[in-house]
Each structure stands twice: as C-alpha cells, then as structure tokens.
Amino acid sequence: MTYPFTQRAIAMVGAQGPEQSGYLRRLEAFFQSLVPCLDRHPEYVAAGLPERLAAPERAVYFSVSFPGDDGQIHTAPCCFIQYSTILGPARCALTFQPAPDASDLKWKALTLALENSLASLSMGGAAAGAAIAPTALSPRESMAFCQRFITALAPFLPVCAVLEGSVPRREQGYLRGQLNRLPRSSPPPLLAGRREMDKATGYGLCYFAQNALRKNGGPRLEGQAVAIGGHTGPAPWAGEKAFQLGATVTAISGSSGCLYAPAGLPLALLRDIGRDPAHPLSSYADRAAGIDFRPGGALWDGNADVYLLCDPAHPLDEPGARAVARGAAVFEGGENVCTPEAARLLREAGILYIPGIAAACGAAILRTAAREPGKRLRTGTERLLDTIWEEALRTPRQDLTAAAHIAAFEPIARAMVEQGI
C-alpha cells in the first residue's frame, strides 16, 4: 500500500526531472518503512515532513572549464546537493567519476544526513560531484581542474564542516591547497582523508556484523565464512577486520570477477589489496595455494555465511539476492550497494539484513569523538544496534531496515517540528 504522503512526495520530486528514477525508487521504499513512525506521530505528516525531506534544501548544477595538455579547453559538468542541515553543518561527500548520476548523489546526500542522525552526530548531509576521470588527467590538468572546481564550489561550502569521499590522494592535495588559498570569513571545511574514512567504515561494518549476529542468537563472526563485495574503499578494511575477528574471508569481488579461497584469504593478501586498490584483483590468484580467480564470477558462488557488501559500482541485484537469501546474513557497507528490489527480497526472506544507513556509519560514529577511535567504534556500534533492535520491536515483523530508518528519521523530524517552517 502506498500512503498519500508518499504519493505527494514522490510526485513532487518526479516533477523535477525524468532522471530521478533511481532516487524515486529508493525514496519510496524509505518512506514506506517510516509508516509505523508516522502512524504514531500524525503531527509529522500534518507538518509535511515527508515532502520537506524528499526535496534537497539546495541543488546547484554548474560546470568547470580548465586547460588540457593538448592545448584544448575541457569542461566538466558538476553539481552540489545539500540535504537537511537542520541538525548542523553538513558532511559533504565528493566524487569524481566519468558519469556521476545526480540521482545517486541525491540519495548519497540524504543518506549522509540520516547516518549522522542515527550516530548522534549533529550534522546534515551533502554531496558534490564532477563528471571527470582523475586517472585520465595529467598532474597539470588535475591541478587546474581541482583548483577551479573548489573555487566554483566555495560559495556553498559555509554549510559544510567536512569534505570527504572517494577522491584520489593526488586530487585531495590539490583541493586542500586551493582551500587554503581561498579568501574566507570562517574556517575552511576539514578535508577528511579517504583512507581514514574507509578504514572507519570497514572496521565499523565488521563490529556491527559481530554485534548483530550475537543479538540475533547466532554465532559471532568467528568461524564464519565471509564474502566481501568489492575490493576498494572500505572493502579491504572490512576483510582485514573480519579476519582479525576470527572469520574466514572466502571471497572478494572486483570489477572483472571474483577471487575465491575456500580455506580463506591470508591477512597479508587482504592488506596488500587495501594498500593498492588499483592493482588487478586477478593478479592475487597466484599469491598463495587454494586461491582461484574467476572472470565474471559472482560473489554468492562461494556460499558464504555472511556477506559484507561495499561495492556501489556492482550492486547486489535480484538474482543475487535470491541466492544469498538462503540463510546468509547481509550487511551493507555503503549506499547503493543493493538495488531497491534486492533489498525488498532480502527483507521478505526474513534473514538478518542491515542496510547501509546503519551498518556503514562507522565514519559518522568516529566523528562524534576524537579519542580512542577503536573503542569508540566498538561502543558506538553497540549503542546504535541496541537502538535499532528496540525500535524493531515496534514494527511489523520486527523489520530492522524500517527500525534503522525510523531511528535516523526521528531526531531530524523532532528538530523540524521544533524549528517550524
């Protein structure tokens, strides 16, 4: 059943352009999961909160032109999207890729706001992207682009406290240098290191899986066969921490195929993958006995007990969801790592499934305190999981996805009601 407030919010966003289809599907599923909360709080519906949350506070499309080594002028389309800064300044995710999807950027910005709320971090969410491939640029071209990009983005940065995301190390340096040169009336946003963020997300994902498995009455990660979706970003860190917690990492996927090791991948190999994510995954097949690389292989072919999904470039789809829903536990290590249809199938199957809004918020948890990051991650994931488990008792079928969404939505909703229109 689709509720009237969902229809109004979806219609409003859909009227903004046909390119919103991916965002609309995820937004509709998100609003449907909020129904138990909105039934308890009709004042949220009366105040138009779903419609107000569905649309970004700000969406700006611009372009950046820069000189190329070939003597030509190159132009990259860019955009900045800001969501729900009602709790505080935003964490802004940066992404440079050949064809960024505005629909994905919208969902990323909204997801960051919800992650922060769930982790009790008083920050909103934003995302900025450029249609460019950094690896295709020379150092001179990259520097010219980054300097012009951050200068064009500067008028919107006062609402951002942190810039983070999947920006290569070289580009991070150029962005940081230009940030320091810009005239400003307030301190510049912190440009967070990609490695720090990925490590916090990957480690936090494993702590979350460990605690969720225990709460669900099953075994912990120790002795479990774990498959890692992706080999960049937080994925290798998740593999390393899973190994340290006693799991056997039996598979890790990449863009060209999957690495299988029924007896488990060695810790040294997992660390090598993390140190050089650009290295082809196939080259690790001969590093140790019992490792097999299959071009085009699927992650679920390894029959793992636990799946830690971290690769938005190759999300889990419906066939994959049917395969892993035969008793395995699934944890999302990022946004867009499961299609909406796959997420629906996992929830209907009744397996232990935690969406990325909760399982991937290790970086948000870490930002709530600078001291003792390891301890903060462990205690923060425990506290967060307790909140979700308690909320799930008030949802039909004890739906953990709905519980995570409701627990993230309520602090924002209360602030929106308190602060008025």
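The largest cavity is lined by Leu94, Glu164, Gly165, Val167, Gln172, Leu175, Leu191 and Ala192, where a cavity is a set of points on a 1 Å grid over the protein atoms alone at which a 1.4 Å probe fits but cannot get out, and lining residues have an atom within 4 Å of a point. This lining divides into 5 nonpolar, 2 polar and 1 charged residues. Strand E5 and helix H8 (169-181) each supply at least two of the lining residues, and about 30 Å³ of space lies inside.

The model is predicted, so that local features need pLDDT of at least 70 and side-chain atom pairs pLDDT 80 or more, while totals for chains, interfaces and linings use all residues. Residues are numbered from 1 along each chain as its sequence is written, and side-chain values use heavy atoms, without hydrogens and water.

Strand E5 (residues 160-165) has 5 of its 6 residues buried, that is, under 20% relative accessible area with a 1.4 Å probe and protein chains only. Its pairings, which require at least two DSSP bridges between two strands, are both parallel: 5 bridges join E5 to strand E3 (residues 90-97), with Ala90 opposite Cys160, and 2 bridges join E5 to strand E6 (residues 190-191), with Leu163 opposite Leu191.

Two charged ends sit over rings, meaning that NZ of Lys or CZ of Arg is within 6 Å of the ring centre and within 35 degrees of the ring normal.

| Charged residue | Ring | Distance to ring centre |
|---|---|---|
| Lys241 | Tyr203 | 4.5 Å |
| Arg294 | Tyr260 | 4.0 Å |

Note on methods: Buried means under 20% relative accessible area, exposed over 50%, partly exposed in between (1.4 Å probe, protein chains only). Helices (H or I, at least four residues) and strands (E, at least two) are DSSP runs, numbered from the N terminus. On a 1 Å grid over the protein atoms alone, a cavity is a set of points where a 1.4 Å probe fits but cannot get out, and a pocket is an open set with protein on both sides within 12 Å along at least five of seven lines; lining residues have an atom within 4 Å of a point. Grid points are joined across faces, edges and corners, and a volume is the space filled by probe spheres set on the points. Ala, Val, Leu, Ile, Met, Phe, Trp, Tyr, Cys and Pro count as nonpolar, Asp, Glu, Lys and Arg as charged, and the others, Gly among them, as polar.
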